[in-house]
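User: I am new to this structure and would like to know what the terms used for it rest on. Please go through them one at a time.

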Amino acid sequence: QVHLAESGGGLVQAGGSLRLSCVASGGTFGSLAMGWFRRAPGKEREFVAAISRNGGATSETDDVKGRFTISRDNAQNTMWLQMNSLKPEDTADYYCAARPTPVFASRTFRDFHDYDSWGQGTQVTVSS
């Protein structure tokens with residue numbers, strides 16, 4: 001199982017930007033499909049964005065389309081979530097997740113049950 005470490009969270013005003021990072025260790029990063037999820041206070045964990053193992057395919061929830069961008073660099077074992085035009089409703093703990101994927105499977109995964117490795121999370125607070 002791969003170890004994941006998120007960073008980049010913080011407090012930002014509405015309309016501002018943050019860039020979350022997820023660094024992986026202990027596995028072959030290029031073989032992993034990756035995703036971002038979030039859990040707001042009192043709410044269920046929800047899907048935010050996902051990226052295929054080679055970065056060729058991405059997927060985002062409708063709430064963040066046009067505002068958030070997921071990307072990765074397999075040489076750096078790192079995935080990012082660029083978050084622009086942040087809203088108070090984006091306030092949550094953000095988690096990165098990973099799962100091994102066959103080399104022929106350039107796809108994304110939107111269900112948290114599909115992932116078997118999780119980071120500890122990074123907190124994002126957007127003030128109005």
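Analyst: This is a predicted model. The protein has 11 strands and zero helices, and along the sequence the pattern reads β-β-β-β-β-β-β-β-β-β-β.

User: How do you know whether the radius of gyration of the protein agrees with that of a compact globule?

Analyst: The rule for a globule is 2.2 Å times the number of residues to the power 0.38. For 128 residues that gives a value near 14 Å, and the protein has 14 Å, so the two agree. Along the principal axes, the C-alpha atoms fill a box of roughly 45 × 25 × 25 Å.

User: What makes a residue count as buried, and what share of the protein does?

Analyst: A buried residue has a relative accessible area under 20%. By that cut-off, 45% of the 128 residues are buried. The protein exposes about 6,400 Å², and carbon and sulfur atoms supply 45% of that area.

User: Why is Asn 77 called partly exposed?

Analyst: Partly exposed covers the range between the buried cut-off of 20% and the exposed cut-off of 50%. Asn 77 has a relative accessible area of 28%, so the term partly exposed applies. Asn 77 sits in the loop between E7 and strand E8 (78–83). Its phi is near 55°, which is positive although the residue is not glycine.

User: And what makes Ser 85 partly exposed?

Analyst: The relative accessibility of Ser 85 is 42%, so Ser 85 also falls between the cut-offs. Ser 85 belongs to the loop between E8 and strand E9 (92–100). Here too a residue other than glycine has a positive phi, near 50°.

User: Which strands form the open sheet, and why do some stand at its edges?

Analyst: The open sheet has four strands in the order E1-E3-E8-E7, with antiparallel pairing. Strand E1 (3–7) and strand E7 (68–73) each have a single partner strand, so one side of each has no neighbour in the sheet, and they stand at the edges. From one strand to the next, the twist averages 15°.

User: What share of the contacts join residues at least 24 apart in sequence?

Analyst: Contact means heavy atoms within 4.5 Å. Among contacts between residues at least 6 apart in sequence, 61% join residues at least 24 apart.

Methods
Residues are numbered from 1 along each chain as its sequence is written. This is a predicted model: local features need pLDDT of at least 70, side-chain atom pairs count only at pLDDT 80 or more; totals for chains, interfaces and linings use all residues. Side-chain values use heavy atoms; hydrogens and water are left out. Two strands pair if DSSP finds at least two bridges between them. Helices (H or I, at least four residues) and strands (E, at least two) are DSSP runs, numbered from the N terminus. Axes are lines fitted to C-alpha atoms, for helices over the stretch in contact, and angles run from 0 to 180 degrees between N-to-C directions. Buried means under 20% relative accessible area, exposed over 50%, partly exposed in between (1.4 Å probe, protein chains only). Accessible areas come from the Shrake-Rupley method with a 1.4 Å probe; for residues, only the protein chains shown count as cover.
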